[in-house]
Amino acid sequence: MYLKNCWYVAAWSADIGRTLKAETFLGENVVLYRKQDGTPVALEDACPHRKLPLSCGNLKGDTVECGYHGLTFDGAGTCVAAPTQASAIPRRAAVKSYPVVDRYRFLWIWMGDPALADPDKIFEIPNFDDPSWGKTDGGVMDIACHYLWVCDNLLDPSHVAWVHVTSFAGAGTDDEPLNLDRHDTGVVVSRWIAGKPPSPYYAKLVRFDGLCDRLQHYEMCLPAIGVNKSVYTPEGTGGYGAAPVPETFINISYNFMTPIDADRTRYFWFQHRNDHADDAAISTYMNDGARMAFTEDREVLEKVHEGMKHATTPHIDLGLDAGAKSFRQMLDRAIAAEATAQVAE
């Protein structure tokens, strides 16, 4: 039920070091650590003898020693020591190794065929190294729901009018018509809202007074990467195809959903803005506001997950669900194509 031949965020890079860290991604148990030179490693978290998690063992140099009988595995998953039969390491004593790459402050993991793991396919973040753009520290949050409920939410600009009243809501977010566009790897739901006051969250960030034109750009890319772009520009200067003016404020929220299993999602995010690049107070304000909003989302989505999982009556769709349905169809086709290719091999 998951797209596997793609890159998911496994962790913030800074959170993985010289200790064994047990995780679950796409229903598979994984242990993460770094070699002595800093190279990241991801292995199946199960010794092939009796399936004790390797994360319960010991990190010895660049290898992992099982805490049951000492079978020891290198970063490629090869058994390099079997103390109880030192002269006859079992040929089948191996664990799965997952490609991992550090980029954009994240550790990315490839859950599919290792031979297809091309780092150039990691989702691109434009302007990441541009010093004129500011970044928030970002965060990570576990949500007790299926990851596609989070994806649906990130393709729904309208929910802010009710869920985020004190932050992202504002005039026009409840009833302004939405546009739906598709590209090869994702879906965009967007709208320009003209001549309205900035939302409460952004009123403290824009560098102009008066009414604004506001873009809500909600994009979801395979496998589960949300790009929410907010553009605030003085009234009369916005609109599709309009070039930014000096006062235009752009904030891009990058959202990375990694399925833990069918009932849990790990949600990573950070924000990237074209102004206030070195203002730590602004970064803190934005990060705190985002975390508050995502906590509001979590409270709703966990209840949605339970309600839909245990529904006793049919549910309905609204017009605002068109983007989410389109993305799910795109994802279903990609998963089916991946399964067909595996069968063909």
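This is a conversation about how some terms are applied to a predicted model.

Visitor: Why is Val140 called partly exposed?
Guide: Buried means under 20% relative accessible area, exposed means over 50%, and partly exposed is what lies in between, taken with a 1.4 Å probe and protein chains only. Val140 has a relative accessible area of 34%, and therefore it is called partly exposed.

Visitor: Where is Val140 placed, and with which residues is Val140 in contact?
Guide: Val140 belongs to strand β12, residues 139–143, where a strand is a DSSP run of E with at least two residues, a helix is a run of H or I with at least four, and both are numbered from the N terminus. Contact means heavy atoms within 4.5 Å, and, leaving aside neighbours within four places in sequence, Val140 is in contact with Trp12, Arg266, Tyr267, Phe268, Trp269 and Arg291. Between Val140 and Asn255 there are 9.8 Å in space, C-alpha to C-alpha, although these two are 115 residues apart in sequence.

Visitor: How many aromatic pairs does a search of the whole structure find?
Guide: The search finds 19 aromatic pairs.

Visitor: Why is the pair of Tyr2 and Tyr147 tilted?
Guide: Rings of Phe, Tyr and Trp (its six-membered ring) pair if their centres lie within 6.5 Å, and planes under 30 degrees apart count as stacked, over 60 as edge-to-face and the rest as tilted. The centres of Tyr2 and Tyr147 are 6.0 Å apart and their planes stand at 40°, so this is a tilted pair. Tyr2 is in the segment before β1 (7–12) and Tyr147 is in helix α1 (residues 147–153), 145 residues apart, and the pair links these distant parts of the chain. Tyr2 and Tyr147 are buried.

Visitor: What makes the pair of Trp269 and Phe294 edge-to-face?
Guide: Their centres lie 4.9 Å apart and the angle between the planes is 75°, which means that the angle is over the 60 degrees asked for. Trp269 sits in strand β18 (residues 264–273) and Phe294 in helix α4 (residues 280–309), and both residues are buried.

Visitor: How do you know that Lys135 lies over the face of Phe128?
Guide: A charge sits over a ring if NZ of Lys or CZ of Arg is within 6 Å of the ring centre and within 35 degrees of the ring normal. Lys135 is at 4.4 Å from the ring centre of Phe128, and the charged end of Arg328 is 4.8 Å from the centre of the ring of Trp149, over which it sits.

Visitor: What makes β3 and β4 a pair of strands?
Guide: Two strands pair if DSSP finds at least two bridges between them, and strand β3 (residues 28–34) and β4 have 5 bridges in the antiparallel sense, so they pair. In β4, Val41 is the bridge partner of Tyr33.

Terms used: Residues are numbered from 1 along each chain as its sequence is written. This is a predicted model: local features need pLDDT of at least 70, side-chain atom pairs count only at pLDDT 80 or more; totals for chains, interfaces and linings use all residues. Side-chain values use heavy atoms; hydrogens and water are left out.
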